[in-house]
Number of protein chains: 2
Amino acid sequence: MNDKAREPGRPAEEPDVPRDAAPALPELDAEELRDRWQRAVADVENLRKRCERQLEEARRSERDRVTAEWLPVVDHLELALQHAAADPRSIVAGVEAVCQQAFAVLAQLGYRRIAQVGDRFDPALHEAAQVREEPEAAPGSIVQVLRPGYDSDSGLLRPAVVSVAAKPER
Amino acid sequence: MNDKAREPGRPAEEPDVPRDAAPALPELDAEELRDRWQRAVADVENLRKRCERQLEEARRSERDRVTAEWLPVVDHLELALQHAAADPRSIVAGVEAVCQQAFAVLAQLGYRRIAQVGDRFDPALHEAAQVREEPEAAPGSIVQVLRPGYDSDSGLLRPAVVSVAAKPER
């Protein structure tokens, strides 16, 4: 049942009830025991099916919820383009606002932007696309973010792609 | 268990196993029956907990999956702004491309844009913000889409906000 390795940041799981745990049992005759057993077996099967349906529903509702968060970003992009047709100078400010709105959506959904120039390179979070000689930068620090990364409490969503300052030759 | 109304587009659900269904039972003595009953009761409890964990995991992975689809849109918005600093005329084409990319993400996730000028007004899909005298348009048809709506196979994500052609006075 617990064949997956525990992921970092997940709460400890309550241990399973041992199948031979002895609840306080009333005295029951064989017919009553058989009846209760049959009911419990049917409950297991029904619960399994209900769980499948709930999983599908949970995915659907999360997909709707997350997509609904992005719709205003798409609306504002369209509006920025419409305004640009009338006043071309308006578009840079409009798109800057949309970009800030997109960052706010990511934050609202629990995703943090990772990788800033000056951060120490961390292979768990960053992909080094380049190693550059940068005498001014601390060796092994990020000197340029080529593509930002994002993580959340439940793990890395996408690593950042960065350029890293070379370590001095000895 | 099935207290929710069936939503349109959902497959018919398999009916629950009746709790008094009689499986083919071997002859068992009271001790064995008691033991099997206890095991089945523990299975119910364990399944319930496992289902809770799986639901949380399904939501998390769907949130990650949908957000990962949007990240390239955010990346390209940022790049369009960077290019605009160097060449202000580039931004309109860049933002148009990002907008198309955002529509493609919505389609990829299974969401369809609803409401076109000329469509018949449908209160299940559209919100009428205005009713206008439009002698050229079919009465009750959409004459302007103020904000597009989106739906999917599992239902309406957001209604479209539209202006509707008035019906002629009699």
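A disulfide is taken here as a pair of cysteine sulfur atoms within 2.5 Å. By this criterion, A:Cys51 and B:Cys51 are joined by a disulfide, with an S to S distance of 2.4 Å. The model is a predicted one, in which local features need pLDDT of at least 70, side-chain atom pairs count only at pLDDT 80 or more, and totals for chains, interfaces and linings use all residues. Residues are numbered from 1 along each chain as its sequence is written, chains are lettered from A and ligands numbered from 1 in the order in which they are written, and side-chain values use heavy atoms, with hydrogens and water left out.

**Cysteines**
- The search of the whole structure finds one disulfide over all chains.
- The pair joins two chains, because A:Cys51 lies in helix H1 (residues 30-86) of chain A and B:Cys51 in helix H1 of chain B; helices (H or I, at least four residues) and strands (E, at least two) are DSSP runs, numbered from the N terminus.
- The link of A:Cys51 and B:Cys51 is right-handed, with 110 degrees about the S-S bond.
- Both A:Cys51 and B:Cys51 are buried, where buried means under 20% relative accessible area, exposed over 50%, and partly exposed in between (1.4 Å probe, protein chains only).
- A:Cys99 is also buried, at a relative accessible area of 3%, and B:Cys99 is buried at 3%.

**Relation of the two chains**

**Strand E6 of chain A**
- Six of the six residues of strand E6 (residues 160-165) of chain A are buried, so this strand is largely enclosed by the rest of the structure.
- On one side of E6(A), A:Ala160, A:Val162 and A:Val164 are buried, and on the other A:Val161, A:Ser163 and A:Ala165 are buried.
- Strand E2 (residues 126-132) of chain A pairs with E6(A) in the parallel sense over six bridges; pairing requires at least two bridges found by DSSP.
- Strand E3 (residues 142-147) of chain A pairs with E6(A) in the antiparallel sense over four bridges.
- Opposite A:Ala165 stands A:Arg132, and opposite A:Val161 stands A:Arg147.
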